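Subject: Structure for you to look at

Hello,

Here is the structure I said I would pass on. Please open it next to this email and follow along; my notes come after it.

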Amino acid sequence: MITKNSLEALEFDRLLGAAAKFAKSEASRNEVLSISPLGSIAEITKRVGLIQEIRLAAQKGMPLRISSFPDIKPLLYKVRPEGAVLDPKELSWIMVFLSAAYSLSDQLKEREDLPLLNELVVDSTQKPEGITGYPDILRILEKSIDSEGAILDSASVALSDLRAKIKKLEGKVRKKLEEIVREEDVAKFLQDDFITQRSGRWVIPVRMDSKGQVQGVVHDVSKSGETAFMEPLIIIGISNELENLIAEAKAEEIRILRNISSRVRAVASGMEAEYQVLVYIDTLNAIAIFSDRLAMGAPQINERNTINIVGARHPLLMLAFQKTDTPKGVVPIDVRLGGDDAVMVITGPNAGGKTIAIKTIGLLLLMALSGMPVPADSSSDFPLVNNLLVDIGDKQSIEDNLSTFSAHVSNIAEILKQADKNTVVLIDELGTGTDPDEGAALSCAVLKEMKKSGALLFATTHLTDIKGFVHKEQGMLNASMEFDDRTFTPLYKLRVGEPGQSHAFETAKRYGLPEEIIESAKNILGVRKIELDTLILDLNEKRRQYESGIDKLKQQQDEIKETEKQVKETLLETENRQREIFANAYKDASDIILNTKRQMHELMEDLKKKERDKMKEVLKEAEAAQEAVVQKIKEYDKGDKRIPSIDELKEGDVVFIKSIGYDAPIISINPKDKRLRVRVGAMEIEVSLSDVGFKRGVSVQAAYTFVKSERPDEAVSSTINIVGFRVDEALSQIEPFLNHASLAGLSEVTIIHGIGTGALSKAVREYLTGHPLIKGFRKGGQEEGGAGVTIAAMS
């Protein structure tokens, strides 16, 4: 179990306090403040999932709307005994809660994008409908009590009637009193001419020395003793009647309160369950809002005892920077520890961010284990640990007779007792507070023992001997906080794999220590230490140059890849353009032959009887030429069998549909099923991606090709059956059929196309419309084949 001391050392309570500000009730705020690490991956995953679900809904522009609501648990406890009655103000608090619960219920019913929340609500309330807000009771409350806790006239018909009578009677009393104070015989005995109430009775102010001159009953006397507040005798009867009505109204109000209280009592247990659900969802919503403010990611949890954090930022520092509008912001850190390496020692300059680094690691681990998003990349991975042991800060105590060093040693001794493979340990300023050599030796022994325990350890130090020990020891890593040697300022970047320098001289100079003192200190330190620091500095500079070279090389590789991509796209575009040019050329040739043949048919009508044989030969030659063009087009069709990618297509693009042999524009795209909806002539059809090729320039209007008929001239039929053919194949059979029918002098032909989807029959009739050999056509009669045939009259 992670102790309270560890939570406080890492300021987890401050973090929760920042998140609690977004809660809508005191109970929810307390719930946020009481959040602590969970014990299982299932619990953590569930809470993170709920929070992410709420965040996703907010990102879609549909956040949960939860209004402020009071703590009703004491009220439910009060109303449980039989006969207990809540006062109007308490019922108004119940009403506010039910209104918030009903609003949430109304939102969840419409939200299919919140399955985890809906499941939580059903499980928590033990009701299939989940949280309801008890709309029947809410309606009664809204009709009976206002937000200030006053009982409304609409609470009951009887109360409304009684209050109307009271109002009317009060008006009558006031009018009568106003008449009395204006009477000359009475006015001279009055202290003033106002009307007021005393002890619930209407009175006028009479001078004390004249109270015997006005008939009535004294109900009160002023503090000065000079004024008697008297109820004139003439209105006593009316006042008594008014008091009776007020008593009846009061009794009716009590009856209303008893009735509502009994309804609340009957569902008190269920109402408490809904209250707990509302508090928990409000708690999750507060964390979700807080997470969005800092752009947090959902963490991953593992049981491999490995920690891998990418782009981690300290959340409290982020909040501080937000308040000051600092443009630089918090520098993120990346850190990985686990597996073969279990110990990381971080070195670097004072005020360089070492302590913040290990605090960030510890605080984000606490957040992840508590099922909260973390200010890091969502790929960040945290171990499921039972304990987080921390020694951060100066724990010296006069009362306990502890110095800084002894306090640290006491804490580390306790940590060594508890550390195991399910523990993460954070130690700040390891080995300080005593003789550097002895402190370093003790620290190295502690690191060695900690590694044996299997715990993950992050420590900071300034001692050079510890850096050397870690460098030689298997399973331990040096890390450093980067420092700008040109400006002598810390960069707050964590670099794993190399030790850092303390830069004490540079830091002292930056904070104002005189130059002569710094120079004197360098002379005292000696040459070896300075040479070592210079060596480390040179190594760091070479490392930076190496990294800069790698970045430039990577940039060049990216540029080469981009150039290759552009070359491929250019080649592809060129090939497609070439194919399009050839396709257009062959299409134009086909159109020319088609037009020539139709003109020949018109001329043939005039010469049919005289030179039939000669015209037939010419027609055959034209058909042979057309066949050659068709074969060329077919050869071209075999050249490009590629299928476009679904990603490179968009609405409006023209593609070739293989099954019908035409180009067609895309109307819509279904990426999930890899299907397209295209327009072919006046039709819209849906095709699979595998049936699509690149545009070939073959439109519906120009695609009708013609092939030579194989029927002998002497056996010309008046019927053609094209059932089962594709549209382009069918139309290629119809043209020679009509040619031979015209030469044979047939007056009417029958085209059998079947019913099917209607596409073939529609294509046939569109083709016959305006054809020079056809003067009209009709659908077949019932005895002729019905809608499955078309009867065409020859010209």
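The side chain of Asn478 reaches the backbone oxygen of Lys467 at a distance of 3.0 Å. Keep in mind that this is a predicted model, and that goes for everything below. Asn478 sits in strand β13, which covers residues 476-484. Is Asn478 buried or exposed? Its relative accessibility is 4%, and the limit for buried is under 20%, so Asn478 counts as buried. Leaving out residues up to four places away in sequence, Asn478 touches Val345, Lys467, Val470, His471, Val496, Gly497, Glu498 and Pro499. Lys467 is therefore among the residues that Asn478 touches, at a relative accessibility for Asn478 of 4%.

Next, the sheet. Four strands form an open sheet in the order β1-β2-β4-β3, with antiparallel pairing. Which strands are at the edges? They are β1 (196-198) and β3 (216-221), each of which pairs on one side only. From one strand to the next, the twist averages 55°. As background, strands of a sheet pair through backbone hydrogen bonds, and the pairing can be parallel or antiparallel.

Go through the pairs with β2 in view. β1 and β2 are joined by 3 bridges and run antiparallel.

How many of the 7 residues of β2 are buried? The count is 6, so that β2 is mostly covered. Helix α9 (residues 157-182) lies across β2 and β4 and runs at about 15° to β2. Helix α11 (residues 236-266) lies across β2, β3 and β4, at about 145° to β2.

Now helix α15. This helix has 15 residues (404-418), which at 1.5 Å a residue should span 21 Å; the end C-alpha atoms are 22 Å apart, which agrees. Its buried residues are Ala407, His408, Ile412 and Ile415. They cover an arc of only 130° around the axis, which puts them on the same side of α15. What do the buried residues of α15 pack against? Their partners are β10 (387-391), β11 (423-427) and α16 (436-453).

Last, the loop between α15 and β11, where you will find Ala419. With a relative accessible area of 12%, Ala419 is buried. Neighbours within four places in sequence aside, Ala419 is in contact with Leu389, Met450, Ser453 and Ala455. Take Ser453 as an example: Ala419 and Ser453 are 34 residues apart in sequence, yet their C-alpha atoms are 6.2 Å apart in space.

Best wishes

Notes:
Residues numbered from 1 in each chain as written. Predicted model: local features only at pLDDT ≥ 70, side-chain atom pairs only at ≥ 80, totals over all residues. Heavy atoms only, no water. Helix = DSSP H or I, 4+ residues; strand = E, 2+ residues; numbered from the N terminus. Expected span 1.5 Å × (residues − 1). Buried < 20%, exposed > 50% of the residue type's maximum accessible area, 1.4 Å probe, protein only. Arc of directions from axis to C-beta. Contact = heavy atoms within 4.5 Å. Pairing = 2+ DSSP bridges. Axes fitted to C-alpha atoms, helices over the stretch in contact; angles between N-to-C directions. Polar contact = N/O pair within 3.5 Å; in protein donor to acceptor, adjacent residues only side chain to side chain.
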